[in-house]
Amino acid sequence: MLNRRHIRVKVMQTLYAFRGNESDDFSKDQKFLLFSIDNMYNLYLLLISLLLEVRKRAVTDLQKKQQKLLATKEDKNPNRKFINNQLLELLSNDLELKSQLEAYKINNWQLDNEYIEVIFKAITSSELYQEYMQTRVSDFKEDKAFVVDVFKDIIAPNEKLYDYIEDKNLTWLDDLPTVNTTILKLLRKTKLTNTKHHFTPKLYKEEEDQQFAVNLFKKTLLNRSLINKDIEQKTKNWDADRIADIDYTLMQMAICELKDFPSIPVKVTINEYLEIAKEYSTPKSSIFINGILDKLVKEYQQAGSLKKMGRGLL
């Protein structure tokens, strides 16, 4: 679920917030880094459980209509296509997902059920829903396409849901695009059979990714003085106050990665930090950072200080 770029962003945010120096104890900051990354899985569970709660809300709505004193023919024999949606049923019956929701104590929608109402009304008032409900039966392909479109077009872009997530956890806003993409991929790949662990993906794609986060954070902090000297040599004509703090942090991380992570290709490192700069810093930051890193890479190569392993890593 989590890719290396997202890990780098998390490390950048933690380093940016760090107010000590390389000799200070940063164990609390390291714990916060790992907590911030782990908390991304909570957001995943929160959003995937939203689909379950919306289905429950639909069941309640049908039951109330059937129990009306002056129930109409349609009330007594409603179209159950939405609550019988096969993908939603798979989610509802997934014991592993249920276990994870309980383990992580995901009970937000029971406490803040007004947001379920908001999403439910948004779905049932949409053209997508009206078109889907024109028939009473469907196959799994149609059911899956409907749920995917509901999540993509109604749930993911909902502004009230976005505000709610921001209020609950500010760091979740950076996680939201990755989590939404993960959920959409899972929904699209769902099959009627072999769904074991399908809705409970691993947070880290590779086992070493968590250690990568810790090492990048620690090594950047522990080598800040030497790294800063390299940056200062290439920015002598720049007023230090003119260099954005984010840019400085990104250059520190990139230089650390270039020198202390031999298995990561130079081009990958540079491209990753340029892309992060485009998203999180000023419009000209990527050009500035690219210029500095390009000069330093040539210098490191001449000095033989780039210890990269494997072919094509330079």
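Modeller: Let's start with contact, which means heavy atoms within 4.5 Å. This is a predicted model, where local features need pLDDT of at least 70, side-chain atom pairs count only at pLDDT 80 or more, and totals for chains, interfaces and linings use all residues. Residues are numbered from 1 along each chain as its sequence is written, and side-chain values use heavy atoms, with hydrogens and water left out.

Biologist: Which residues is F288 in contact with, leaving aside its neighbours within four places in sequence?

Modeller: Those are T235, W238, I243, D247 and M251. Take I243: it sits 45 residues from F288 along the chain, yet their C-alpha atoms are separated by 9.3 Å.

Biologist: Is F288 buried or exposed?

Modeller: Buried means under 20% relative accessible area, exposed over 50%, and partly exposed in between (1.4 Å probe, protein chains only). F288 has 12% relative accessibility, so it counts as buried. Across the protein, buried residues make up 48% of the 314.

Biologist: And which helix holds F288?

Modeller: Helices are DSSP runs (H or I, at least four residues) and strands are too (E, at least two), numbered from the N terminus. F288 lies in helix α16, residues 285-303. The protein has 16 helices and 0 strands.

Biologist: Why is the protein described as more spread out than a compact globule?

Modeller: The radius of gyration is taken over C-alpha atoms, and the globule rule is 2.2 Å times the number of residues to the power 0.38. Here the radius is 25 Å, well over the 20 Å that the rule gives for 314 residues, so the protein is more spread out than a compact globule.
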